[in-house]
Every structure is written in C-alpha cells, then in structure tokens.
Amino acid sequence: MTDQSSTEATAEPVHSEDKLLPELVAHLRDNRTDLRQQWAERITQAHLLTSMTNQEVFSEATSVYDNYVEVLETGSVKALQHYARDLSERIIPRGVETHEVIGIVLLLRDVLARSLFEKYRDDFELLNHVLDAYEPAANRIANTVAVSFVEQRERVIRDQQDALLELSTPVLQVRERLLILPIIGVLDQDRAQQLTEQLLHGIRAHRAKLVVIDVTGVPNMDEAVANSLVDTVTASRLMGADVIITGLSSEIAQTLVTIGVDLSKMHTVGDLQGGIEEAERQLGFRVSKVPDAD
Amino acid sequence: MPTDAPTAPRAPLPASILSQGPNLIVSIHAALDDEQLVRLQRDLLERVGRDRSSGILIDVAALDVLDSFAARTLADLAYMAQLRGARTVVVGIAPEVAMTLVRLGVRIPLTQTALDLEEGLEWLGM
C-alpha cells in the first residue's frame, strides 16, 4: 500500500499527523515479530485466554495484530469488525469471557504504546503528536472488538433462549382427550405466558378434557410463578379442560404454604404416574395388566 | 334490571336463541356492546321462564374479544338462570380470549365452561 492511499483515510487537517500515521504503521510492521511476541507473553502473564493453548493464542494474536495495523493504516474498521465477529464465534463456545477479550486488546494497545514511547522518547513534542494520532485509533479498535464480542455473545444467548423456549414446553397427548405438559427448568413470567398459550392451543387441537401439568422439573417456585400457574389452570378451565398438577416437591410445597399461595382450588396429585392414573379414572379408562404378559 | 318500560325498536341482537328440547342454545355471532349484553341477559331469562328450560348453552366461539363486563354479565346470567331452574354452560372460548380474561383477572366462577358445542351439549345431557 502506498502512502497516498493511507493518508486519505485520516481526516485530521494537521499535515504532520498525515505523515505520522503511515510512519507509525511502518514502525509496527517492522517490529511485528518482536511486538507480537511481547504481546503474547503478556497475555500469558496476565492469565488471559487460559482456555486456549499457547499456539492458538499466538496465531490469534498474529491475526489480531495484523488487523490492528490494518485499521491504523486504512482507518476503516470493517475488516476488523468482521474478524472480531468471526473470532467471537470461535471462542465463545470455549468459554472465553468478555473481560479476557477486552483485556487482550488493551494489552496490545499498551504494548504498542510502549514501543512508541521507546522510539520517540528523545523528542517529546513528536511523541505527543504520534500519540495524538495513535490513541483515538487504538481506542476505536478496542471499542470495535469489545462491541463485536458482546454483540456476538448476546446473539448466541438469544438464539439459545429461543431454542430453549421452543423446546421446553411440549404438549403431549397420552390418551384420547388427555394431555400432559411436563415443565422442566426455571419458570418465569415470559415462559409461563408462552406455556399457557401453547397449552390452550393444544387443548383445542386435541379436544382435551384433562391436562396433567408435571412440575417435577421445576427447581423452585415463588409467588409470581405459583400465581401464573393458577392463571394457566383458570384459562384451561375456561376452555373446558380440567387440570391436575403433579410433582410438587416437598420444598415447593413448604414454600407455597409459607408464602401463603392458595392452591386449594387446584387439583394436585403427588407424582406424574399418580396424576395420569387419576386422569384416566376421571376419563373412564381402565388400565389393567395382562396376566401372562411376562 | 333498571326498567322494563318498552323503548323504541332497536337493532336486532347479533345473537340467536334457539330452543332445543329442554335447553336454550344461544349463538353469539359478533361482539355485543354493554347494552346488547344486558338485553341478551334479560331476553334469555324471560325465555327460561316461558319455555321452562332446564339448560342454557352459550356459544361464544365467534368472539375474539370478551371484556370484563361481558364476562361478568355471563356469570351473572348463569347465576340468575340457576335461580330460575336452568343451568348454564359457556362454550367455545378461544385460547386468546381465555388468556386475556385471566390476565385481566376476570373469574367466571359460577359458569361451567366446555370446549365446544358438542361438549356443551353433552354436559347438558343431550
């Protein structure tokens, strides 16, 4: 790349800085091996990226370094953004934390700044100018990488939440007109709402008369959750389906009584098996074991 | 009922009341406003006495909205009809309507509900 193309990206009117940035870039290019090595060492010292091997850290460091220099040169963070997103995608599943990513980028900034101090230490005036050119670009880079990482992470979390929401509320028919709804995991307001919606549509689709809601997989229950469960039952009754709740653990039972939630209008049975048996009885099914089954 | 004085002729109710054996079958075709609801309630109660009905089935499947006033009117109707010897079942509440009613905190405690017309008729013993 020529000097011409690199200068047009910097909008600084001061002509000395127009030349400084290319000089800076050249300096970083010339000392690439050395600075990169320093950086990788400092990453290890700071105990960052511990979930990755030294080799991986070094190769990622190389890419980040080259991208870094490129941003300084062109002034455009497009490529870096793309790379950062890519990088995040690779390292998020390995448990790399936000503070680590920000940490390594800040370390690189420090390593490079130090090398600039060293190079220009004899001319304080010039050093000031160099830093004027370097600092905004460096901060922008740190910002870009951090934001890309966090965005990517949020996207992953959102995807997982969506997947969880979809997977977590199966409405299953076990007998004619009998549905079961096993609830697994923490219930919150959103999920309770979505669950109610699915159940009601299930009731209509299967023409259900009875629903067994099994809460064995619900770790704890507070007043809001218990009340939303009551709402679910009420809504089901409005559609003509009765509800049996099963699998209230002893802890939940104690909690509900302690916080004074009234479940007395709800039909509860100890466990899922008991609930299904009770439902079958109410629906008029009789299940019997064939004598010579085994 | 506030008054039983005859008033000027009004638009017909968007609901039909059919007599089926000992039961009255009410089909609501479109959303009713408050005045129409009260009118429906009164008409029905009169019919219960006139036809000596023992059961009322109200089909609200066509409604995608049921506000708290409507819900309460239906609940009241069920109670009043019971006092006159007829039991009431409301059928066809859509999932969205059920959720809205619950979210608004509306309870229809006295009213029996059923999934659809068929279920409701079965409950009435037909």
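Predicted model: local features only at pLDDT ≥ 70, side-chain atom pairs only at ≥ 80, totals over all residues.
I started with the largest nonpolar core, which has 67 residues, and A:Val211, A:Met239, B:Val26, B:Ile56 and B:Ala98 touch the most other members. By nonpolar core I mean a set of buried Ala, Val, Leu, Ile, Met, Phe, Trp, Tyr and Cys residues joined through C-beta atoms within 7 Å. Buried takes 20 or more other C-beta atoms within 10 Å of a residue's own, exposed 12 or fewer, and partly exposed is in between, with C-beta atoms placed from the backbone.

Residues are numbered from 1 along each chain as its sequence is written, and chains are lettered from A in the order in which they are written.

Next I looked up B:Ile56. Beyond its neighbours within four places in sequence, B:Ile56 is in contact (C-beta atoms, placed from the backbone, within 7 Å) with residues including B:Leu24, B:Val26, B:Leu44 and B:Ala81. A second, separate core of 37 residues includes A:Trp39 and A:Leu87.

Then I went to helix H11 of chain A, residues 272-283. Helices are DSSP runs of H or I, at least four residues, and strands are runs of E, at least two, numbered from the N terminus. In H11(A), A:Gly275, A:Ile276 and A:Ala279 are buried. Down the axis of H11(A), the buried residues fall within an arc of 95° (directions from the helix axis to the C-beta atoms), so they line one face. A:Gln273 and A:Arg281 are exposed on the other side of H11(A).

Definitions and conventions
Expected span 1.5 Å × (residues − 1). Contact = placed C-beta atoms within 7 Å.
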